[in-house]
Amino acid sequence: MKQSPIRMRASLDGDTALVKMLISHPMDSGVTKDSNGQIRKANFISEVDLFLNTALVARLHTGPGISADPLFGWRLKGAKAGDRIGVTWRDNQGLEQSFETTVQ
C-alpha cells in the first residue's frame, strides 16, 4: 500500500478547537474478495493518537468495522489559536503515519 495522505484542519469555535481529520485508507476487513475471487488480507487502522501540543489527549482503538477513508472529528476545550494538533495512526500491517496542523 502506498503512503496514505492525511488531511486535517483545526479551527477555533469559542474556547474549543474543532478538529477534523480524513485518512485515505482502504480499511479492508479481511472478509471481502478482490476481482479474482481471492480473499483480501485484512488491512485496517487499529489505533489513532491525538495530541494537543505535545500532550496525548485521546487514543482510539479502532477495527475493521470502520468504512474506507474514515473521517474523525474532535472538540478540544481550552485550545488556543497557534496550538499544534498532532495525530499518529497505525494499522494492523505495521504502517504508521503522523501529521500535524495548527489551530487557526
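Which strand is T88 found in? T88 sits in β6, strands here being DSSP runs of E, at least two residues long, and numbered from the N terminus. This is a predicted model, with local features needing pLDDT of at least 70 and side-chain atom pairs counting only at pLDDT 80 or more, while totals for chains, interfaces and linings use all residues. Residues are numbered from 1 along each chain as its sequence is written, and side-chain values use heavy atoms, leaving out hydrogens and water.

**Around T88**
- T88 is buried at 11% relative accessible area (buried means under 20%, using a 1.4 Å probe and protein chains only).
- Its side chain makes a polar contact with the side chain of S98 at 2.8 Å (a pair of N or O atoms within 3.5 Å, one able to donate a hydrogen and the other to accept it; residues adjacent in sequence count only if both atoms are side-chain atoms).
- Setting aside neighbours within four places in sequence, T88 is in contact with E47, V48, D49, F51, E96, Q97 and S98 (contact is heavy atoms within 4.5 Å).

**The core**
- The largest nonpolar core has 22 residues, and M21, V48, W74 and I85 touch the most other members (such a core is a set of buried Ala, Val, Leu, Ile, Met, Phe, Trp, Tyr and Cys residues joined through side-chain atoms within 4.5 Å).
- At least two core residues come from each of β1 (6–13), β2 (16–23), β3 (45–52), β5 (71–77) and β6 (84–91).

- β3 runs antiparallel to β4 (residues 55–61), joined by 6 bridges (pairing takes at least two DSSP bridges).
- F51 stands opposite L56 in β4.
- The hairpin has 2 residues between its strands, and N53 in the turn has a positive phi of about 55°.

Terms used. Buried means under 20% relative accessible area, exposed over 50%, partly exposed in between (1.4 Å probe, protein chains only). Helices (H or I, at least four residues) and strands (E, at least two) are DSSP runs, numbered from the N terminus.
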